[in-house]
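This briefing is meant to be read beside the sequence and the coordinates.

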Amino acid sequence: NGCFLSSIVMCRRAYEGALISKYKQVENKDPLKNIICKSCKNILKSNAFFGIIELHNWAIEKKVIPDKFKNIGFLIPNLGAGGAHPTESFPRDSEVTNIVITTTLALVKRVYSN
């Protein structure tokens, strides 16, 4: 239907949601952290949710996602961010959207197969 940008953004959120669910299952807690100032070491924000990149790196570390999928896992957050905050040069076509959908399906299958 030509909903390329929204499809890409939804794929990003679906992958993030799958990683959050798996994190909770494996770690028995929410993926939260304190954000600490590098200079003064004070807590700037407590209980901040991990970002999708941190969740993806966690999944690689815990072998939820195989190492060979490490680099393609960054495709989803990068293109998803481009979909949510597009620049003039961001591709808005079916080919890029198909790549994102296919990659998301492959990654989510790995998350739920372990």
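**Helix packing and local backbone**

In this predicted model, Phe 4, Ser 7, Ile 8, Cys 11, Ala 14, Tyr 15, Ala 18, Leu 19, Ser 21 and Lys 22 of α1 meet Ser 94, Val 96, Thr 97, Val 100, Ile 101, Thr 104, Leu 107, Val 108, Val 111 and Tyr 112 of α5, where contact means heavy atoms within 4.5 Å. By class, that contact of α1 with α5 has 14 nonpolar, five polar and one charged residues, with Ala, Val, Leu, Ile, Met, Phe, Trp, Tyr, Cys and Pro counted as nonpolar, Asp, Glu, Lys and Arg as charged, and the others, Gly among them, as polar.

Residues are numbered from 1 along each chain as its sequence is written, and side-chain values use heavy atoms, with hydrogens and water left out. Because the model is predicted, local features need pLDDT of at least 70 and side-chain atom pairs count only at pLDDT 80 or more, whereas totals for chains, interfaces and linings use all residues.

**Overall layout**

- The protein has five helices and two strands, which follow one another from the N terminus in the order α-β-β-α-α-α-α; helices (H or I, at least four residues) and strands (E, at least two) are DSSP runs, numbered from the N terminus.
- Of the 114 residues in the protein, 34% are buried, a class that means under 20% relative accessible area, with exposed over 50% and partly exposed in between (1.4 Å probe, protein chains only).
- Among the contacts in the protein with a separation of 6 or more, 61% are accounted for by residues 24 or more positions apart.

- Two packed helices are described by the angle between their axes and the distance between the axes.
- The axes of α1 and α5 (residues 94-113) come within 9 Å and cross at roughly 10°, the axes being lines fitted to C-alpha atoms, for helices over the stretch in contact, and the angles running from 0 to 180 degrees between N-to-C directions.
- That crossing makes α1 roughly parallel to α5, given that angles under 35 degrees count as roughly parallel, over 145 as roughly antiparallel, 65 to 115 as roughly perpendicular and the rest as oblique.
- For α1 (residues 4-27) and α2 (residues 52-61), the axes come within 10 Å and cross at roughly 50°, which makes α1 oblique to α2.
- The residues in the contact of α1 with α2 divide into nine nonpolar, one polar and four charged.

**Residues within the helices**

- Thr 104, placed in α5, is buried with a relative accessible area of 5%, and beyond its neighbours within four places in sequence Thr 104 is in contact with Cys 11, Tyr 15 and Ile 76.
- In α2, the buried residues include Ile 52, Leu 55, Trp 58, Ala 59 and Ile 60, and His 56 is buried as well, with a relative accessible area of 0%.
- Leaving aside neighbours within four places in sequence, His 56 is in contact with Tyr 15, Leu 19, Ile 65, Phe 69, Lys 70, Gly 73 and Phe 74.
- Asn 57, also in α2, is partly exposed at a relative accessible area of 33%, and its C-alpha atom is separated by 9.0 Å from that of Gly 73, 16 residues apart along the chain.

**Strands and positive phi values**

- Strands β1 (residues 32-36) and β2 (residues 43-49) pair in the antiparallel sense over four bridges, where pairing requires that DSSP finds at least two bridges between two strands.
- Leu 32 has Phe 49 in β2 as its bridge partner, and in the hairpin, which has six residues between the strands, Lys 41 takes a positive phi near 70°.
- Most residues other than glycine have a negative phi.
- Asn 47, found in β2, has a positive phi of about 55° although it is not a glycine, and at 53% relative accessibility Asn 47 counts as exposed.
- Lys 63, in the loop between α2 and α3 (70-73), has a positive phi of about 65°, and Lys 63 counts as exposed at 54% relative accessibility.
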